[in-house]
Amino acid sequence: MTSHEDHRPEETVPDVARPETDPNPADGHVPEPNPPGRDFPAETDEPSGDWPGLSPLSVWADTAIVALFMVPSAIVATVVLVVVDQPLWALLPLPATGAFIALMTYLDMLRLRAVRYRVTADRMEMRSGIIAKAYRSIPRERVRSVDVAAPIHVRIFGLCTVTVGTGEKVGSGADQLKLEFVTAEQGERLRRELLRRAGTDDASRASTEGEDGSVDEDGVELARLNPRWFAYAPATTATFGIGLGVIAALIGANAQSGGHGWAWISERAGLPGSQQMADFVMSRLLLVIPLFLVGLLLSGVVVLLLAALETWWNYRLTREPDGTVRLRRGLLTSVSLSVEGRRLNGVVLHEPFVLRSVRGASVQAVATGLESGDDKKTSAKSRLSPAMPRSRARALGAALMRQEQSPLDVPLATHPRAALRRRFTRATFVTLAGVALAGGLAWLHMVATESWWEVARTIEETIVPIPLVVESVEATPGWGWFALAVVLGVLAFWYAVGSYRGLGHGLHPKYLVLRKGMGVRNTVTLERSAVIGWRITRSPFQRRLGLADVAATTAAGEGMYSALDVGLGQGLAWADEAVPELLAPFLERPEITGEAEGSRPTVLP
Amino acid sequence: MSNDALRLRPPNHRVDRRAVGWWSTQALSVTVGLTVIPVVPALIWEPVRFWFLVVAGIVGGVGLLITVVMPRWRYRVHRWEVTDTAVYTSSGWLWQEWRVAPMSRIQTVDTARGPLQRAFGLSSVTVTTASAAGPIEISGLDHTLATEVADQLTDNTEAVPGDAT
């Protein structure tokens with residue numbers, strides 16, 4: 001937030017050039033919100049008149065956030081300089097900060113004057129840029145989503161950011177228009193206007209359903225936050241990870257100080273020395289280890305609960321009368337995301353392993369206009385619900401798709417046993433690698449002399465305040481490494497079975513359904529009419545086993561959804577049935593040869 | 001796999017025979033480039049000369065093998081077909097890929113030719129859809145044929161209504 005350059009590249013302008021760019025450098029005041037068209041006399045194609053600008057308050061919001069970060073550090077710097085007896089230097093930080101803030105504010109005011117937007121009957125247009133004038137225009141029929149976000153420092157001023165997504169990837173970042181910031185009222189009006197279209201038939205359908213929601217001026221409520229759902233928030237693999245992360249950060253800081261940090265603390269606090277602590281811990285392992293784990297767990301739980309609270313507070317998912325699906329959530333940053341109903345091509349039932357084991361799930365959208373740079377961001381942006389009970393998530397998914405029989409309930413076909421064999425092969429390789437590694441380590445363990453252990457112990461002592469690892473490793477016999485390898489092997493095979501069981505594909509009259517994953521199991525439903533092509537890939541191993549990856553390409557979501565390791569004939573039949581007539585001309589049914597059909601590749605070298 | 005013995009039939013047309021030469025040249029230049037990297041230290045650094053030459057030998061050998069095998073293999077796999085309703089291609093050699101895109105979903109059609117392709121009188125036709133799965137590419141077509149295919153595709157696409165998403 002402190003840097004303006006990160007999302008407004010047109011402002012990275014050399015300082016020299018700036019003075020000439022301001023048409024009116026003497027005035028220091030904030031311009032009016034709706035100046036007449038005379039600001040752009042040179043633009044020939046511009047119909048003069050109603051081009052609203054950003055809210056003048058946005059300069060204040062930006063200045064406030066910059067000041068909030070910079071003034072305290074300037075004060076600290078001043079105090080420090082006074083303390084170390086450098087009175088002349090101490091005069092510097094505050095004026096410098098002031099000048100910097102003034103400069104940023106000035107630039108922001110220029111930006112404010114430059115940005116103008118308007119929504120006409122069939123286009124949304126935006127002008128921006130101080131030196132390099134930019135004009136962007138998107139047809140309204142291309143608008144897929146409107147995202148209204150208000151971080152806390154912006155919300156105080158009654159403002160919000162509006163991001164308009166088009167779902168077209170022309171160049172980098174050209175698929176979005178972003179207004180920073182307009183008043184909340186303007187934002188709401190834009191949201192309504194941009195997504196309103198001839199969608200009245202949707203409205204009638206929307207009001208007939210409503211099994212779990214009431215119809216109000218906002219439309220049908222599909223889901224609303226149930227505070228109990230926060231109990232699912234810590235159910236991730238990250239819970240331990242965050243605790244470990246905190247500890248790793250502390251250890252890192254201690255190592256940075258060469259081990260002196262902890263020594264200093266323990267001296268001040270009168271704690272016993274490292275070696276005594278280690279002995280104490282070793283003598284009470286049964287007590288210390290559980291306490292340690294509980295500590296990790298608790299810190300992870302607290303962090304994740306806070307994060308979930310910030311993200312999902314005030315969560316509401318509604319379908320408005322015109323079919324638009326609207327998501328509202330957020331405690332400090334309130335977010336309102338609207339997706340045009342027609343562009344919501346399906347849902348993802350998202351079940352990461354830990355959440356799955358406590359029977360929880362969350363729902364994501366498969367929609368055009370929600371894409372981001374990579375799949376991970378796309379998935380974060382598409383979240384339509386917090387972690388909630390699985391049955392509730394399935395019901396929500398069904399409500400979103402508006403089908404009598406929920407596509408998520410379609411029975412899924414299993415994939416050939418050969419798919420399991422592939423996964424076993426991979427697990428075998430992992431196990432072999434583990435055994436080889438264990439052998440190497442056990443050998444090192446055997447040849448290690450006392451002096452080696454001494455070195456390792458010294459290194460550990462400078463890094464970790466309570467050295468335990470090297471000592472316990474030394475105490476364990478060499479075959480201990482193989483025990484670890486066995487555990488790894490068991491896990492690998494367990495994972496292989498799980499990921500095979502996760503595979504599945506099926507068809508609903510309107511949707512195709514795909515499921516895969518062990519670590520994260522995703523059940524994807526995709527409207528059959530949204531499929532815009534097929535991609536079939538086969539590796540040499542898959543050709544030998546008669547398998548293939550059959551992927552439906554689509555404009556929505558991640559762009560491609562794939563049935564992994566499906567039998568070739570099985571997968572093609574499925575794809576052919578899902579989108580009739582697309583694949584049919586390219587299929588052939590060879591003379592019946594019994595079971596061997598899949599194992600013969602179509603094109604052999 | 002109890003059900004159908006369905007298979008994909010290969011698309012109708014092969015790419016131009018000259019594509020074999022083009023792929024061979026590509027593979028050869030990559031091979032030469034990668035082999036030179038370990039040869040340079042071998043020339044200037046006496047003690048490890050043997051090992052670097054061994055590495056260079058392995059890289060060069062594998063590269064030459066690929067240069068000989070890959071283009072011919074590819075030539076057997078790479079095929080394409082344009083019907084009134086769809087574009088259908090197959091490509092790859094070890095890892096093979098079949099792509100189908102309906103006319104109604106095609107957004108843009110381009111032809112492109114790099115310097116090497118031009119030397120062989122070849123062109124690529126790139127067909128883009130709205131999907132993030134990447135464009136469909138028919139590479140190694142005769143230049144005139146590529147232009148014709150692109151023109152035909154453009155005409156066909158314009159004839160089909162829809163906003164391609």
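Strands here are DSSP runs of E with at least two residues, helices are runs of H or I with at least four, and both are numbered from the N terminus. Two strands pair if DSSP finds at least two bridges between them. In E4(B), B:Thr89 is the residue opposite B:Trp80.

A word on the source: this is a predicted model, where local features need pLDDT of at least 70, side-chain atom pairs count only at pLDDT 80 or more, and totals for chains, interfaces and linings use all residues. Residues are numbered from 1 along each chain as its sequence is written, chains are lettered from A and ligands numbered from 1 in the order in which they are written, and side-chain values use heavy atoms, leaving out hydrogens and water.

Now, which strands make up the open sheet? There are seven, with antiparallel pairing, in the order E20(A)-E19(A)-E18(A)-E5(B)-E4(B)-E3(B)-E2(B). At the edges, each pairing on one side only, are E20 (560–567) of chain A and E2 (13–14) of chain B.

On to the helices of chain B. H1 (residues 18–44) and H2 pack at about 175°, their axes 8 Å apart; axes are lines fitted to C-alpha atoms, for helices over the stretch in contact, and angles run from 0 to 180 degrees between N-to-C directions. H1(B) and H2(B) are therefore roughly antiparallel (under 35 degrees is roughly parallel, over 145 roughly antiparallel, 65 to 115 roughly perpendicular, the rest oblique).
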